[in-house]
Amino acid sequence: MLRGSAIVACLLTTLMLAALVGCGGTTGSGSAGGGTPSATAPASGTPTPTPTAFERQLGAIVQPAIGSLARNVSVMFVPATGAATVLTSIDRGANVPATQELVKTVCFRALKALWTSGVAVNDVDVGVLGPFQDDYGNIVMSAYGSADVTARTAATLKWDSLTPEAAWNAYTYVFLAPSYGAGQYWGLPTPTPYPTV
């Protein structure tokens with residue numbers, strides 16, 4: 001079910017680009033045990049912000065919940081709004097439906113861990129990135145899917161009795177990429193016919 005997909009896709013793209021230039025919170029390698037601060041400067045020379053103690057706390061909650069399903073966990077928190085964003089990446093599965101189920105599972109585990117932990121947040125958005133073939137045939141990282149849950153929605157969810165699929169249909173906003181190939185968002189180019197003389 002696609003709800004708010006344009007908003008979520010735009011947010012994910014912006015956050016993905018911010019993470020690529022070094023504006024991420026905490027990162028981890030995919031092993032359970034909590035995130036570690038990202039302390040190296042990207043190749044562009046832009047310094048990477050040091051994650052706050054709260055971002056490190058959120059990363060330490062999310063990483064064990066996701067476990068080995070995903071890697072490169074990055075947590076960002078905006079104190080003014082109480083919004084937390086978790087970005088992570090996965091490898092593409094055997095087929096699109098299997099990968100979509102993996103996205104739902106990663107989102108569910110991260111959201112359940114944060115909302116049942118007792119931390120004070122107003123909104124949690126989990127974005128899952130993966131390899132994607134762009135319109136030029138290049139493999140790039142792009143959004144496979146995302147789920148956003150506000151505090152109001154989280155209060156109505158009975159996390160212990162939910163499955164990733166059932167929870168997906170109850171989230172505030174969700175987005176799943178329908179495929180991971182060229183032309184997904186803009187369509188494949190139409191060949192221009194040459195006039196005959």
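## Reading a fold step by step

N72 has a relative accessible area of 44%, so this residue is partly exposed (the class between buried, under 20%, and exposed, over 50%, using a 1.4 Å probe and protein chains only). The model is predicted: local features need pLDDT of at least 70 and side-chain atom pairs pLDDT 80 or more, while totals for chains, interfaces and linings use all residues. Residues are numbered from 1 along each chain as its sequence is written, and side-chain values use heavy atoms, leaving out hydrogens and water.

**Exercise 1. Find the element that holds N72, and describe the phi angle of N72.**

Step 1: N72 lies in strand β3. Strands (E, at least two residues) and helices (H or I, at least four) are DSSP runs numbered from the N terminus.

Step 2: Phi of N72 is near 55°, which is positive although the residue is not glycine.

**Exercise 2. Look for aromatic pairs, and classify the one between F54 and F77.**

Step 1: Rings of Phe, Tyr and Trp (its six-membered ring) pair if their centres lie within 6.5 Å; planes under 30 degrees apart are stacked, over 60 edge-to-face, and the rest tilted.

Step 2: Searching the whole structure gives 4 aromatic pairs.

Step 3: F54 and F77 make an edge-to-face pair, because their planes stand at 70°, with ring centres 4.7 Å apart.

Step 4: Since F54 sits in helix α2 (residues 53–66) and F77 in strand β3 (residues 71–78), this pair ties together parts 23 residues apart in sequence.

Step 5: F54, at 23% relative accessibility, is partly exposed, whereas F77, at 17%, is buried.

**Exercise 3. Which residues have the most contacts inside the largest nonpolar core?**

Step 1: In soluble globular proteins, nonpolar side chains tend to be buried together. A nonpolar core is a set of buried Ala, Val, Leu, Ile, Met, Phe, Trp, Tyr and Cys residues joined through side-chain atoms within 4.5 Å.

Step 2: The largest core has 41 residues, and L111 and Y171 have the most contacts inside it.

Step 3: Elements giving two or more residues to this core include α2, β3, α3 and α5.

Step 4: The most comes from α3, with 8 residues.

**Exercise 4. Find which residues make the contact between α2 and α3.**

Step 1: The two helices, α2 and α3, cross in a right-handed way (the near helix turned clockwise from the far one by less than a right angle; left-handed if anticlockwise).

Step 2: From α2 come L58, I61, V62, A65 and I66, and from α3 come V106, R109, A110, A113 and L114.

Definitions and conventions:
Contact = heavy atoms within 4.5 Å.
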